There are 2 protein chains.
Amino acid sequence: MYKYSIGDLARAAATKVQTIRYYEETGLMPEPMRTAGNQRRYDETALNRLSFIRHSRQLGFSLDSIKALLHLTDNPDQSCQQANQIAVEQLVEVESRIARLNDLRKELVRISQSCKGGTMADCKVIETLSEHSLCDCS
Amino acid sequence: MYKYSIGDLARAAATKVQTIRYYEETGLMPEPMRTAGNQRRYDETALNRLSFIRHSRQLGFSLDSIKALLHLTDNPDQSCQQANQIAVEQLVEVESRIARLNDLRKELVRISQSCKGGTMADCKVIETLSEHSLCDCS
DNA sequence: CTTGAACCTACAGCTACTGTAGAATTTGCA
DNA sequence: TGCAAATTCTACAGTAGCTGTAGGTTCAAG
């Protein structure tokens with residue numbers, strides 16, 4: 001039943017041991033059972049919860065958003081709309097980040113194409129980095 | 001000549017006063033002149049340097065990369081190639097971030113489209129976030 | 001000359017971990 | 001069963017790149 005050590009859990013969810021303890025500290029993971037010698041022991045539920053957290057983190061959700069999502073799952077009668085709302089907000093955020101990065105990419109291309117291979121004295125890269133007025137970025 | 005207070009500089013470069021002091025602490029900005037009453041006073045050179053730093057930050061360069069670029073400008077005889085190398089590395093990094101974010105976006109779209117508006121008990125959003133196996137992300 | 005804005009230093013806090021030290025426990029193998 | 005190696009424990013410091021605060025001083029306008 002309570003078969004996983006913290007190291008097992010870490011391996012299974014591709015996390016670090018310290019990260020799991022950190023999640024416990026900050027209330028994302030519940031306090032697990034302990035052995036007689038005070039070591040943590042986990043069950044499948046804990047592994048699922050940790051996987052959920054890690055996957056959400058990979059999708060860019062903040063720990064606060066994840067906390068909110070986990071709180072929602074603890075109240076199964078509430079509307080799914082709130083969970084969806086959090087996901088949509090995250091989507092909006094990701095799309096705006098993509099847009100900004102595309103702008104950056106454009107200017108970086110311009111900068112690196114300006115290099116004519118001379119010395120620093122007439123380096124167009126540095127020059128271009130100095131002139132914010134010319135760039136498209138917000 | 002030394003006409004800018006730290007507040008003037010902050011306004012001119014759209015930064016916070018504390019950020020300028022932080023850049024000084026970490027060696028990105030040189031220690032400026034001081035008034036008799038110990039307040040910092042800057043000239044145009046300092047403003048140019050700060051603008052360079054801010055613009056580079058907006059393009060996603062780390063403070064370490066910026067330090068390297070600034071170091072290059074202090075040695076005008078060196079090859080421009082090194083500066084270009086840093087810019088190209090940054091470009092590669094930005095492109096990989098864009099690619100990853102595009103993957104995330106795809107999955108977030110899938111997640112938010114799965115919401116059918118019921119209760120949390122059968123929330124597809126949460127379900128989808130739990131199942132890493134189904135997703136495309138790395 | 002006064003008053004209020006801006007400045008000073010020093011330090012704590014933010015996110016989301018990661019690393020370290022030194023001690024205790026558990027596990028595998030003889 | 002005994003022992004060594006691996007793992008775990010707590011507690012705390014450090015990372016990037018700032019940002020905010022407290023308590024005090026200086027500057028500039030009127």
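Helices (H or I, at least four residues) and strands (E, at least two) are DSSP runs, numbered from the N terminus. The structure described here is a predicted model, in which local features need pLDDT of at least 70 and side-chain atom pairs count only at pLDDT 80 or more, while totals for chains, interfaces and linings use all residues. Residues are numbered from 1 along each chain as its sequence is written, chains are lettered from A and ligands numbered from 1 in the order in which they are written, and side-chain values use heavy atoms, with hydrogens and water left out.

The description begins with DNA strand D. A residue is near a strand if one of its heavy atoms lies within 4 Å of it. DNA strand D is surrounded by 20 residues, and the closest are Ser5(A), Gly7(A), Arg21(A), Arg40(A) and Arg57(B). At least two residues of this surface come from each of α1 (6-13) of chain A, α2 (17-25) of chain B and α3 (44-58) of chain B. The largest share, 4 residues, is that of α2(B). For the classes, Ala, Val, Leu, Ile, Met, Phe, Trp, Tyr, Cys and Pro count as nonpolar, Asp, Glu, Lys and Arg as charged, and the others, Gly among them, as polar. The surface near DNA strand D then has 10 polar, 6 charged and 4 nonpolar residues.

Of the atoms of DNA strand D within 4 Å of the protein, 84% belong to sugar or phosphate, and the rest belong to bases. Individual polar contacts are pairs of N or O atoms within 3.5 Å; within protein, one must be able to donate a hydrogen and the other to accept it, and residues adjacent in sequence count only if both atoms are side-chain atoms. An N or O atom in the side chain of Arg21(A) is 2.5 Å from a phosphate oxygen of DNA strand D. Leu63(B) takes part through a polar backbone atom, 3.5 Å from a phosphate oxygen of DNA strand D.

DNA strand C has 21 residues around it, the closest being Thr35(A), Arg57(A), Ser5(B), Gly7(B) and Arg21(B). Sugar or phosphate accounts for 84% of the atoms of DNA strand C within 4 Å of the protein, and bases for the rest. The elements that give two or more residues to the surface near DNA strand C are α2 (17-25) and α3 of chain A, together with α1 (6-13) of chain B. Here α2(A) gives the most, with 4 residues. By class, this surface has 10 polar, 7 charged and 4 nonpolar residues.

The next feature is a pocket. On a 1 Å grid over the protein atoms alone, where a 1.4 Å probe fits, a pocket is an open set of points with protein on both sides within 12 Å along at least five of seven lines, and its lining residues have an atom within 4 Å of a point. The second largest pocket is lined by 18 residues, and Pro30(A), Thr45(A), Ala46(A), Asn48(A) and Arg49(A) lie nearest its centre. Among the elements of this lining, α3(A) gives the most, with 5 residues. The lining has 10 nonpolar, 4 polar and 4 charged residues.

Several single residues complete the picture. Buried means under 20% relative accessible area, exposed over 50%, and partly exposed in between (1.4 Å probe, protein chains only); contact means heavy atoms within 4.5 Å. Thr15(B) lies in the loop between α1 and α2 of chain B and counts as buried because its relative accessible area is 14%. The side chain of Thr15(B) reaches the backbone oxygen of Ala13(B) at 3.2 Å. Leaving out residues up to four places away in sequence, Thr15(B) touches Ala10(B), Leu50(B) and Arg54(B).

In chain A, Ala14(A) is found in the loop between α1 and α2. Ala14(A) is exposed because its relative accessible area is 66%, and its phi is near 55 degrees, a positive value in a residue other than glycine. Ser112(B), in helix α5 (residues 81-113) of chain B, is buried because its relative accessible area is 15%. Beyond its neighbours within four places in sequence, Ser112(B) is in contact with Asn84(A), Val88(A) and Leu91(A).
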